[in-house]
Amino acid sequence: MTFTLPDLPYAYDALGPYMSQETLEFHHDKHHNTYVVTLNKLLEGSDLAGKELEEVVTGSFGDASKQGIFNNAGQAWNHNHFWNWMKPNGGGAIPGELESKINEDFGSVDAFKEAFTQAGVTQFGSGWAWLILDNGKLTTMKTPNAENPLAHGKTALLGCDVWEHSYYIDYRNARPKYLEAFLNNLVNWEYVAELYANAS
Ligand code: MN3
């Protein structure tokens, strides 16, 4: 199977002012595209060629000889979801069933936001902050570089890219401000709820 770069699910200027057209042009057209192109090249002749992206991610994780494949497959998968984890005028009301579960497992929506922000702020260097479903319970996690919950056998419900390429144009070094805007103005909670419904 040859992987392709999916189109953004909205216009390049649709997430402003919280994520600019310039950021989306670089992040989607350059960074995400490079992961896809490089992955296709690295898979030529590999025993993982022809597999679904999820299988490439789990099949290459932890194998030193497949580190390059994992890095690009992980990032391809992460970004396929990342564009859908945001929407114009996002960050509003959380669908009822998911909101109840967040209240149950974190104590409150604010406590969830605090935990998610902490995961993103304390990820040293490049990586991701996550809301995951782990053994029936919602929790947060952070991962370095291309790693994701899928590689660790957990279900990702929401992820925020905290690589500098995701926020440096709009927020410079202010990663906490970027995470605040992501949670309050960008998250597509309907997509998170859909992943939760599929997993629970
Ligand atoms: Mn990225």
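Colleague: How many aromatic pairs does a search of the whole structure find?
Modeller: It finds 14. Rings of Phe, Tyr and Trp (its six-membered ring) pair if their centres lie within 6.5 Å; planes under 30 degrees apart count as stacked, over 60 as edge-to-face and the rest as tilted. Mind you, this is a predicted model, where local features need pLDDT of at least 70, side-chain atom pairs count only at pLDDT 80 or more, and totals for chains, interfaces and linings use all residues. Residues are numbered from 1 along each chain as its sequence is written, and side-chain values use heavy atoms, with hydrogens and water left out.

Colleague: Why is the pair of Phe-112 and Phe-116 called tilted?
Modeller: Their ring centres are 5.7 Å apart and the planes sit at 50°, so tilted it is. Both lie in helix α5, four residues apart; helices here are DSSP runs (H or I, at least four residues), strands likewise (E, at least two), numbered from the N terminus.

Colleague: What makes Tyr-167 and Tyr-178 a stacked pair?
Modeller: The centres are 5.1 Å apart, with 25° between the planes. Tyr-167 lies in the loop between β3 and α6 and Tyr-178 in helix α7, so the pair ties together parts 11 residues apart in sequence.

Colleague: How do you know whether His-79 is buried or exposed?
Modeller: Buried means under 20% relative accessible area, exposed over 50%, partly exposed in between (1.4 Å probe, protein chains only). His-79 has 0% relative accessibility, so it counts as buried. Asp-161 is at 0% too, and therefore buried.
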